[in-house]
Amino acid sequence: MEHARSAALWQRANEVLVGGVNSPVRAFKAVGGDPFFVASGKGARITDVDGNEYIDYVLSWGPLILGHAHPRVVESVAKALEGGSSFGIPTEAEVTLAEKLAGHVPCIEKVRLVNSGTEATMSAIRLARGYTGRDIVLKIEGGYHGHVDGLLVAAGSGPTTFGTPTSPGIPIAHAQSTLTIPFNDPDAAEEAFEKRGDEIACLILEPVAGNMGCIPPNADYLEELRRLTTKHGALLIFDEVMTGFRVSMGGAQKRFGVTPDLVTLGKVIGGGLPVGAYGGPAEIMDLVSPVGPVYQAGTLSGNPLATAAGLATLDELEVPGVLDEVERSLTVLGEGMESIAKEAGVPVTLTQAGAMAGMFFNEGPVENYQDALKSDTERYAKFFHGMLERGVYFAPSAFETYFASTEHVDAEIDQTLDAAREVFKTL
Ligand code: KE4
């Protein structure tokens, strides 16, 4: 594949953008090599500036469940734009989007739209602290909720020892109000609550982990977290920025039948434009300004273009069977990958939850972050580049999730498996 134009752009980008990118994972540091520059996307496929085409399993890290440039999204956003891009004044579209979210997501009675997943989780945590009057946040080791100061914290030595910041610039005080426990470990959760339950404002987690690779919850794990948070008066926050409208139309909470106190959303609900949201019962949400004293605001929150893209996307997803079809494509892909890897004698663990999936170069089982870290990241990097050379783009990191869209139909799955059959022989 020819990459001359991407190489020239990469040179320019590194002169003026930090690391050449606007989000670190895009720089290919985890897999080596230099990123390509994308020129356009259509359906399941993207084309780079040198004219190379790839089937896209990153889909902007989840939002594009209808694929790139879906006609209905393009038309809705263009129409909205003709009427003005932003007002900072209430509009009908943001009410309609809020009604849709409340209609699908079990815990939502009221919602606040924001502009990113990070804003959603940061605001939900502030609300949980304001509601409970407590400071400590309990999170999952390997869980990612955006670049919120208090959540960029590594695990301490145990469920009740504070961690250390994972980034300079995080005040130690923030790290000293964050406790971390392993995913899928109910005993660790119980220990944290038994010892510090009356100080814990909330437990925030991705109900299906998507940022340590894709790791579904073990049976009864979410139920146990619901029991513990209720018993100790802490709020249970499901960060469904990635799982929302992918694991089911009501998110993981609907699929697994466990209702959190608050939910954060993003990605799919913005259809590729910047939208985040946090929501829950009116009794909690009404603590947020201007009704209550917990302050949160945003210039572009609920803007007409983002809400138009989100509404067009959710309207399409509401057609019965559409989301199930995306899930089926991923199941077929995962089964194919599993048999190819077996044939090649390469140990892999495939995971899936609805329309999101993962592949670990790891004997398995993979139930938490420490398990995931045992994966062969060098082998993943070889897989990544081998597939890329054959026109298939997976995430440029072994610890991400891959996604399908409504446009990943048999032709894309077959082409992907054909490429994998060749690549696995080289691993
Ligand atoms: P944003 O602030 O990036 O919109 O959302 C943060 C966020 C919150 N919660 C979950 C569960 C998330 O997965 C994310 C963001 N996901 C990453 C990919 N794993 C975004 C990609 C990137 O950082 O460039």
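How far does a polar side-chain atom of T118 lie from an oxygen atom of the ligand? In this predicted model, in which local features require pLDDT of at least 70 and side-chain atom pairs pLDDT 80 or more, totals for chains, interfaces and linings use all residues. Residues are numbered from 1 along each chain as its sequence is written, and side-chain values use heavy atoms, without hydrogens and water.

The distance for the T118 side chain is 2.6 Å, which falls under the definition of a polar contact (a pair of N or O atoms within 3.5 Å). A polar backbone atom of G117 is 3.0 Å from an oxygen atom of the ligand, and a polar side-chain atom of N211 is 2.4 Å from a ligand nitrogen atom. The protein buries 85% of the 540 Å² that the ligand exposes when taken alone (Shrake-Rupley accessible area, 1.4 Å probe).

The ligand is surrounded by 16 residues, of which S23, T118, N211, D239 and E400 are the closest (a residue is near if one of its heavy atoms lies within 4 Å). This shell comprises five nonpolar, seven polar and four charged residues. Because domain 1 (4–57 + 320–424) and domain 2 (71–317) both contribute residues to the shell, the ligand lies between them; the domain bounds come from an automatic or database assignment.

The lining of the second largest pocket divides into 12 nonpolar, 10 polar and two charged residues, where Gly counts as polar and Ala, Val, Leu, Ile, Met, Phe, Trp, Tyr, Cys and Pro as nonpolar, with Asp, Glu, Lys and Arg as charged.

Technical notes. Polar contact = N/O pair within 3.5 Å; in protein donor to acceptor, adjacent residues only side chain to side chain.
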